[in-house]
Amino acid sequence: MSDEAASLEDSASDPLRRRLVFGGGLTAGVALAGAAAAQQRTDVEPRVFDGHPVPEPPADRSAGPVRPGRGSMLQGKTAVVTGAARGIGRAIAVEFAANGADVVALDIAGPVSTASNAKPATPEDLVETVRQIHAYGRRGEAVQADIRDINALRRIADQVEASHGKIDIVVADAAIQRWKPLLEMEDADWRDVIDNNLNGTANTLRAFAPKMVARRRGRIIVLSSMQGKHGTKNAASYSASKWGILGLMKSAAMELGEYDITVNALIPGLVDTPSPATRRGSATPWPSRGSSRRRPPRPSRPGTTALPRCL
Ligand SMILES: NC(=O)c1ccc[n+]([C@@H]2O[C@H](COP(=O)([O-])OP(=O)(O)OC[C@H]3O[C@@H](n4cnc5c(N)ncnc54)[C@H](O)[C@@H]3O)[C@@H](O)[C@H]2O)c1
């Protein structure tokens, strides 16, 4: 285990310490020249879906691997990204770093609920995200925290502001998915998905947006899903949570717009991540039998095409 991973574990086991773990601090200039020249993949999982290689999306449908210098003017910005240990959250965090932002990568990096079908992210996953941020010469910090704990998020917001001087961008990405028919759900299958995804996203906004209001500027991006735009057979709690996030986004945009803070939502289709939405071989596969879809849609690689439009 690396020193950073050990540090994360130490922090997680000490309740008196704030669950803020600095994964290396300022590393400006380190390896930047080499990393900047190359495109970089953020995923380390096998690229196989249903026994076949995952197809690459066509160029007009994807931003492709992380690439520096997209011209999105992130130089000197401070971003907080939840759910950053892996998947889409990691791709966003590293893309931000590749384009000049310092990034606080926040994740529970452990089990979330019995109502999550995904294998838990690990402290090592979070350390890997920070390693990739550092590879672009940006300041990157790992914060192990649960978005359901608003008091913890408020303490982290204070800490980030004290340490960085400001918070420019917040991406509320952390979520879980549950595949189960509505009438077979245990209470936790409904309650925990709503609590984690919808309440946790609202907590993220309520904890970090006050820092932006004080400066009268900021950019907030929440993660919804195509499953929040239409119903999903056998995933009602997830769909409802992602639908709710759109209501949260639109309402927050009206309130925070007065302070020059924009609030937008990303609405991905299937993206090939450890999330069980895309993993047919996982404990709860895509419900093809009886589903309105005859076969699961083919996932795309994590990409960030829509991000510049939100910034
Ligand atoms: N993968 C897809 O096909 C897809 C499609 C549409 C929308 N999305 C959305 O994109 C976002 C990322 O999805 P992904 O596929 O990368 O998922 P993922 O499971 O790979 O990553 C989610 C991350 O969120 C973290 N997390 C979950 N609950 C948390 C909590 N309470 N506190 C802190 N961290 C927590 C997990 O530890 C994990 O690292 C989610 O909001 C998801 O709903 C994904």
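**Figure 1. Packing of helix H3 against helix H4 in the predicted model.** Helix H3 comprises residues 87-98 and helix H4 comprises residues 123-134; their axes come within 8 Å and cross at roughly 20°. Because angles under 35 degrees count as roughly parallel, H3 and H4 are described as roughly parallel to each other. The crossing of H3 with H4 is right-handed. On the H3 side, the contact involves Arg90, Ala93, Val94 and Ala97, which meet Thr129, Gln132 and Ile133 of H4. By class, the residues of this contact divide into 4 nonpolar, 2 polar and 1 charged.

**Figure 2. Packing of helix H5 against helix H6.** The axes of H5 (residues 150-164) and H6 come within 9 Å, and the two helices cross at roughly 30°. H5 and H6 are therefore roughly parallel to each other, and H5 crosses H6 in the right-handed sense. From H5, the residues Ile150, Leu153, Arg154, Ala157 and Glu161 take part in the contact; their counterparts in H6 are Asn203, Thr204, Arg206, Ala207, Phe208 and Lys211. The contact of H5 with H6 has 5 nonpolar, 2 polar and 4 charged residues.

**Figure 3. Packing of helix H6 against helix H7.** Helix H6 spans residues 187-215 and packs with H7 at an angle of about 20°, the axes lying 9 Å apart. H6 is therefore roughly parallel to H7. The crossing of these two helices, H6 and H7, is right-handed. H6 contributes Asp189, Trp190, Val193, Ile194, Asn197, Leu198, Thr201, Ala202, Leu205 and Ala209 to the contact. The residues contributed by H7 are Ser237, Tyr238, Ala240, Ser241, Lys242, Gly244, Ile245, Leu248, Ala252 and Leu256. In the contact of H6 with H7, 13 residues are nonpolar, 5 are polar and 2 are charged.

**Figure 4. Pairing of strands S8 and S9 and the crossover that links them.** Strand S8 is formed by residues 218-223 and strand S9 by residues 261-266; the two pair in the parallel sense over 6 bridges.

Definitions and conventions:
Residues are numbered from 1 along each chain as its sequence is written. This is a predicted model: local features need pLDDT of at least 70, side-chain atom pairs count only at pLDDT 80 or more; totals for chains, interfaces and linings use all residues. Two strands pair if DSSP finds at least two bridges between them. Helices (H or I, at least four residues) and strands (E, at least two) are DSSP runs, numbered from the N terminus. A crossover is right-handed if, with the strands pointing away from the viewer, the path from the first strand over the helix to the second runs clockwise. Axes are lines fitted to C-alpha atoms, for helices over the stretch in contact, and angles run from 0 to 180 degrees between N-to-C directions. Angles under 35 degrees count as roughly parallel, over 145 as roughly antiparallel, 65 to 115 as roughly perpendicular and the rest as oblique. A crossing is left-handed if the near helix is turned anticlockwise from the far one by less than a right angle, and right-handed if clockwise. Two residues are in contact if their C-beta atoms, placed from the backbone, lie within 7 Å. Ala, Val, Leu, Ile, Met, Phe, Trp, Tyr, Cys and Pro count as nonpolar, Asp, Glu, Lys and Arg as charged, and the others, Gly among them, as polar.
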